Amino acid sequence: MSNPFEESVDPAAVLAALDDDACRDLIRELDAPHTADELADASDIARSTVYRKLDTLTDAGLVEERTEVRSDGHHTTRYVLDFEAVHVLLDDDRHLDIEVDRPEEGPDERVARLWTEIRDST
């Protein structure tokens, strides 16, 4: 029986992100949602590099960008880890496949994801 929280992703993108020291440093820091500035301060990685590495992690499906809606109208972007486990598998044809176990999405995460989707579509 397959896990409903597993998702197949681009193996090359996931492996490239996990092979990058700065990306792994950012993954270690993402114990809770953080802004890029908070990650730069916590990791001692230059802000410009943090943004590039967050793009790499987001493209690989390992980090999710969420919009935090604030009552003052000044919304902020926070980054959250979007996996619980990464599995490297060898299929029947002896090709590598990567599966990513996703965390269960709670109500707050659903609202944040929907807000981000709305913002991105406008």
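Among contacts (heavy atoms within 4.5 Å) between residues at least 6 apart in sequence, 49% join residues at least 24 apart. The model is predicted, so local features need pLDDT of at least 70 and side-chain atom pairs count only at pLDDT 80 or more, while totals for chains, interfaces and linings use all residues. Residues are numbered from 1 along each chain as its sequence is written, and side-chain values use heavy atoms, with hydrogens and water left out.

Show the whole chain as a cartoon. The C-alpha atoms fill a box of roughly 55 × 35 × 25 Å along the principal axes.

Next, select the largest nonpolar core, which has 22 residues. A nonpolar core is a set of buried Ala, Val, Leu, Ile, Met, Phe, Trp, Tyr and Cys residues joined through side-chain atoms within 4.5 Å; buried means under 20% relative accessible area (1.4 Å probe, protein chains only). Colour H1 (11-18), H2 (21-29), H3 (36-43), H4 (47-59) and S5 (96-101): each gives two or more residues to this core. The largest share, four residues, comes from H2.

Now centre on Leu 26, one of the residues with the most contacts inside the core. Beyond its neighbours within four places in sequence, Leu 26 touches Leu 39, Ser 43, Ile 45, Val 50, Lys 53, Leu 54 and Leu 57.

Zoom out to finish. Of the 122 residues, 34% are buried.

Technical notes. Buried < 20%, exposed > 50% of the residue type's maximum accessible area, 1.4 Å probe, protein only.
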